Amino acid sequence: MVEMRVTATTLHGERIYVAALRDVTRRKQVEQDLEVALERQTTVVAVAAHELRTPVAATKLLVHQLRDRRATLNEERTVD
């Protein structure tokens with residue numbers, strides 16, 4: 001892969017254009033490798049976040065159920 005840059009200048013009163021070519025094959029490959037690595041990292045983080053959220057949500061639900069059950073037991077004791 002090649003990158004080209006063209007500049008215009010004046011030499012001895014005449015306008016000339018200078019083109020510079022640069023091989024960017026290695027740079028482009030590194031960029032692609034980094035993009036793939038970033039996608040993998042994003043996937044891992046998303047999966048980890050999901051796995052962490054699931055137990056937290058289950059724990060919250062259990063806590064609410066236990067609180068409700070405790071309140072019900074307290075109400076039953078008060079009624080007796």
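From the N terminus on, the elements of this predicted model run β-β-α, that is, two strands and one helix, where helices (H or I, at least four residues) and strands (E, at least two) are DSSP runs numbered from the N terminus. The radius of gyration is 33 Å, well over the 12 Å that the globule rule gives for 80 residues, so the protein is more spread out than a compact globule; the radius is taken over C-alpha atoms, and the rule is 2.2 Å times the number of residues to the power 0.38. Along its principal axes the C-alpha trace spans about 110 × 25 × 10 Å.

Residues are numbered from 1 along each chain as its sequence is written. Because the model is predicted, local features need pLDDT of at least 70 and side-chain atom pairs count only at pLDDT 80 or more, while totals for chains, interfaces and linings use all residues, and side-chain values use heavy atoms, with hydrogens and water left out.

Of the 80 residues, 1% count as buried, where buried means under 20% relative accessible area, exposed over 50%, and partly exposed in between (1.4 Å probe, protein chains only). Arg15, in strand 2 (residues 14–23), counts as exposed at 55% relative accessibility. Leaving aside its neighbours within four places in sequence, Arg15 is in contact (heavy atoms within 4.5 Å) with Ala8, Thr9 and Thr10.

The structure holds four salt bridges, each defined as a side-chain nitrogen of Lys or Arg within 4 Å of a carboxyl oxygen of Asp or Glu. Three of them are listed here, among the four in the structure.

| Pair | Closest N to O distance |
|---|---|
| Arg22 and Glu3 | 2.7 Å |
| Lys28 and Glu31 | 3.8 Å |

In the pair of Arg22 and Glu3, Arg22 lies in strand 2 and Glu3 in strand 1 (residues 2–11), so the bridge ties together parts that are 19 residues apart in sequence. The other two listed pairs sit within helix 1 (residues 25–79): Glu31 and Arg27 are four residues apart, about one turn of the helix, whereas Lys28 and Glu31 are three residues apart, again about one turn. Glu3 is partly exposed at 29% relative accessible area, as are Glu31 at 34%, Arg27 at 35% and Lys28 at 29%. Glu3, Arg22, Arg27, Lys28 and Glu31 are linked in a network of salt bridges.
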